[in-house]
Amino acid sequence: MGNTILISAAYGWFIGLLVMMIVLSALFIVIALIALKPYKVDEDSESSAALRLLNAREAELINSLLHNPENLETLNFLREVATAKIIVQELLDKENGIERPVVKSLGVDNNLTEAEAMSLDEDEKVSIEQTFGKQPENGENGLEKSFTAKLMQSGDDAKVWYFELKNCILCYEKTKARMRWDNEKFYIGRTNVATLTMRGKQLCLYLAVRAEEYSGRFPVKNSTSKKYSEVTPCLFRIKNAKSVKQAKELIALMMSDYGVMYIKTNHSIYALPYEDDDALVAKGLARQAQEKQEL
């Protein structure tokens, strides 16, 4: 009888001890989760903060270099920041199991002919004659003017803004320009990242980013033109020197997203002297409206 009571008591103590161990283990797990969760949040916040600081520093250095292109120290700092950004982003992506595409879905120019695509791959220089085609015959209809013709007949301010933006874009690695009949496109490889054109008498910049991502900071909007809405949907109207400066900042942010570094200073002068309509037609820069072709 006594042995039975002792066995029952021991069994009860064992069950109680087992329950207590289970409860303590569960409590330990809960405490560990609570303790580790803020650490993970802080880690993510610190990583995001580091990238924000690098982005801000990159934009600051780019603006400084645009105003003082001979400063080699600034250029070296910029390359270091750009490299640091790429490394930090790659490490974060690897840690979080994120695989990013090499280029964005925007910028895919499906209108490139095989010859044009090959010229981009080989960095071939394309002449105006090859780009605009044969000179049309004179007629009684109104003239269709090319982008180059419109620039030549535009005011000095528009020409200066065009020079600044074109030079800015071509300062980034692997960028190439291709003049078309009604615009000038800028490519990284075969990806059309930016386009300059004239709408009326206003210079317009189209970029391969979503306008809603930057509309709070820049005066941009989504393009309603089918010609640009799929490839370079972000429309930036260039109205004054301030908008040129803002456009350069947005270009810097876009190039950063594409992982492209600012590697050189480009200060070529693209001569655009005024020419009258007859001279433009003679050079193939204007043609009769009925002769318009899709180039």
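Buried means under 20% relative accessible area, exposed over 50%, and partly exposed in between, with a 1.4 Å probe and protein chains only. Keep that scale in mind for the tour.

**Before you start**

This is a predicted model, where local features need pLDDT of at least 70, side-chain atom pairs count only at pLDDT 80 or more, and totals for chains, interfaces and linings use all residues. Residues are numbered from 1 along each chain as its sequence is written, and side-chain values use heavy atoms, with hydrogens and water left out.

**Stop 1: the whole chain**

Show the protein chain as a cartoon. It holds nine helices and eight strands. Helices (H or I, at least four residues) and strands (E, at least two) are DSSP runs, numbered from the N terminus. Of the 295 residues in the chain, 40% are buried.

The accessible area is about 17,900 Å², and carbon and sulfur atoms own 57% of it. Such areas come from the Shrake-Rupley method with a 1.4 Å probe; for residues, only the protein chains shown count as cover.

Now think about contacts, meaning heavy atoms within 4.5 Å. Take those in the chain with a separation of 6 or more: 70% join residues 24 or more positions apart.

**Stop 2: colour by confidence**

Colour by pLDDT, the predictor's confidence in each residue, from 0 to 100. The chain averages 76, and 67% of the residues score at least 70. Select residues 37–43: pLDDT there is below 50, and the stretch has two contacts beyond near neighbours in sequence. Then select residues 126–141. Here too pLDDT stays under 50, but the model has 31 contacts beyond four places in sequence for them.

**Stop 3**

Select Leu61 in helix α1, residues 2–67. Leu61 is buried, at 4% relative accessibility. What does Leu61 touch, not counting residues up to four places away in sequence? Look for Thr74, Phe77, Leu78 and Val81. Leu61 and Leu78 are 17 residues apart in sequence, yet 6.0 Å apart in space, C-alpha to C-alpha.

**Stop 4: the nonpolar core**

A nonpolar core is a set of buried Ala, Val, Leu, Ile, Met, Phe, Trp, Tyr and Cys residues joined through side-chain atoms within 4.5 Å. In soluble globular proteins, nonpolar side chains tend to be buried together.

The largest core here has 53 residues; select Tyr172, Leu203, Leu205, Leu207, Ile238, Ile251 and Met255, which touch the most other members. Helix α8 (residues 241–257) gives the most to this core, with eight residues.

Zoom in on Leu203. Beyond four places in sequence, its contacts include Phe147, Trp161, Tyr162, Leu165, Phe236 and Ile238.

**Stop 5: Ala208**

Move to Ala208, in the loop between β5 (202–207) and β6 (220–222). Is Ala208 buried or exposed? It is buried, with a relative accessible area of 0%.

**Stop 6: Lys174 and the cysteines**

Select Lys174, in the loop between α6 (156–170) and β2. At 61% relative accessibility, Lys174 is exposed. Check its backbone: phi is near 70°, a positive value in a residue other than glycine.

Now show the cysteines. The structure holds zero disulfides, a disulfide being a pair of cysteine sulfur atoms within 2.5 Å. Cys171 is buried, at 2% relative accessibility. Cys204 is buried as well, at 0%.

**Stop 7: Asn183**

Finish at Asn183, in the loop between β2 (175–179) and β3 (184–188). Asn183 is buried, with a relative accessible area of 3%. Its side chain makes a polar contact with the side chain of Tyr228, at 3.2 Å. A polar contact is a pair of N or O atoms within 3.5 Å; within protein, one must be able to donate a hydrogen and the other to accept it, and residues adjacent in sequence count only if both atoms are side-chain atoms. Beyond four places in sequence, Asn183 also contacts residues including Phe147, Arg178, Thr195 and Lys227.
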